[in-house]
Each structure stands twice: as C-alpha cells, then as structure tokens.
Amino acid sequence: MSLPYQRDLILRAKELRKAATRWENHLWYDFLRTYPVRFQRQKTIRRFIVDFYCHQAKLAIELDGSQHHTEQGSAYDTERDAVLSGLGIQILRFTNWQIEQEFPCVCAAIDQAVQQSISRKENAL
C-alpha cells in the first residue's frame with residue numbers, strides 16, 4: 001500500500017536528491033544503496049520529505065544537521081515525527097557527526113531496526 005503524499009513535493013524531493021549533503025551521500029553510497037532491503041532517498045510522505053525510507057520495514061532515517069538543533073527546527077521535527085509515527089513509521093535520527101565519526105555504529109543501528117521491524121511483521125502474520 002502506498003503512503004499518502006503531496007504531489008507538489010515531488011520536484012522538491014528530486015532537487016534534494018541532487019543537492020544531497022556529504023553525510024547523506026556517505027550513508028547512501030556506502031551503505032543504504034546496496035543494503036539488501038530497499039531504501040528510497042528523499043521520500044515524500046504526507047506533507048513531509050524524509051531523508052531515507054524503507055517501506056518494507058516502515059522505517060524513516062533522518063540526518064540532523066545544525067538546522068535541526070534550533071527551536072524552530074526542533075518543533076518541526078516533533079510535528080513530523082508525530083505524523084509519521086501515526087502512520088506506523090519508526091524514525092531513526094542521526095547527527096552529521098555520528099555519520100562522520102561513528103559510521104559503523106550507525107549502519108549497525110539501521111540494520112538492527114530493519115531486522116526487528118521485519119521480524120515483528122512476520123511474527124504478526
């Protein structure tokens with residue numbers, strides 16, 4: 001089943017893919033692109049665009065740069081997380097520093113979240 005999204009965000013999502021940060025590119029090209037479970041970059045969901053999304057695991061990954069650490073950025077993230085959680089989507093957040101300094105740990109955390117989510121879905125059947 002497809003997630004709801006606003007069509008007018010598709011062009012913005014494409015722009016964001018082309019202008020990815022070095023941390024987004026690092027996570028994508030060095031891990032998620034070849035991960036055995038499919039991830040999408042800059043996925044539109046409702047009125048938001050998430051950095052990475054795995055439909056099979058219902059998992060969104062957000063990389064938080066400095067704009068997320070402002071009062072306005074934090075409020076926006078809280079609102080977005082509530083909407084996504086309401087759709088049954090788990091959100092993992094990592095800072096750019098974590099991508100740069102703790103990349104193996106980030107990859108392990110993503111893998112663990114994907115495997116746990118898929119396992120829960122299979123057990124529910």
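Buried means under 20% relative accessible area, exposed means over 50%, and partly exposed lies in between, with a 1.4 Å probe and protein chains only. The model is predicted: local features need pLDDT of at least 70, side-chain atom pairs count only at pLDDT 80 or more, and totals for chains, interfaces and linings use all residues. Residues are numbered from 1 along each chain as its sequence is written, and side-chain values use heavy atoms, with hydrogens and water left out.

**Exercise 1.** Classify K58 by its relative accessible area.

Solution. K58 sits in the loop between β2 (48–54) and β3 (59–64). The relative accessible area of K58 is 26%, so this residue is partly exposed. Phi of K58 is positive too, near 50 degrees, in a residue other than glycine.

**Exercise 2.** Describe how α2 packs against α5.

Solution. Helix α2 (residues 22–30) and helix α5 (residues 103–124) pack at an angle of about 60 degrees, their axes 12 Å apart. Axes are lines fitted to C-alpha atoms, for helices over the stretch in contact, and angles run from 0 to 180 degrees between N-to-C directions. The angle therefore makes α2 oblique to α5; under 35 degrees counts as roughly parallel, over 145 as roughly antiparallel, 65 to 115 as roughly perpendicular, and the rest as oblique. In contact (heavy atoms within 4.5 Å) are H26, L27 and D30 of α2 with F103, V106 and I110 of α5.

Conventions. Helices (H or I, at least four residues) and strands (E, at least two) are DSSP runs, numbered from the N terminus.
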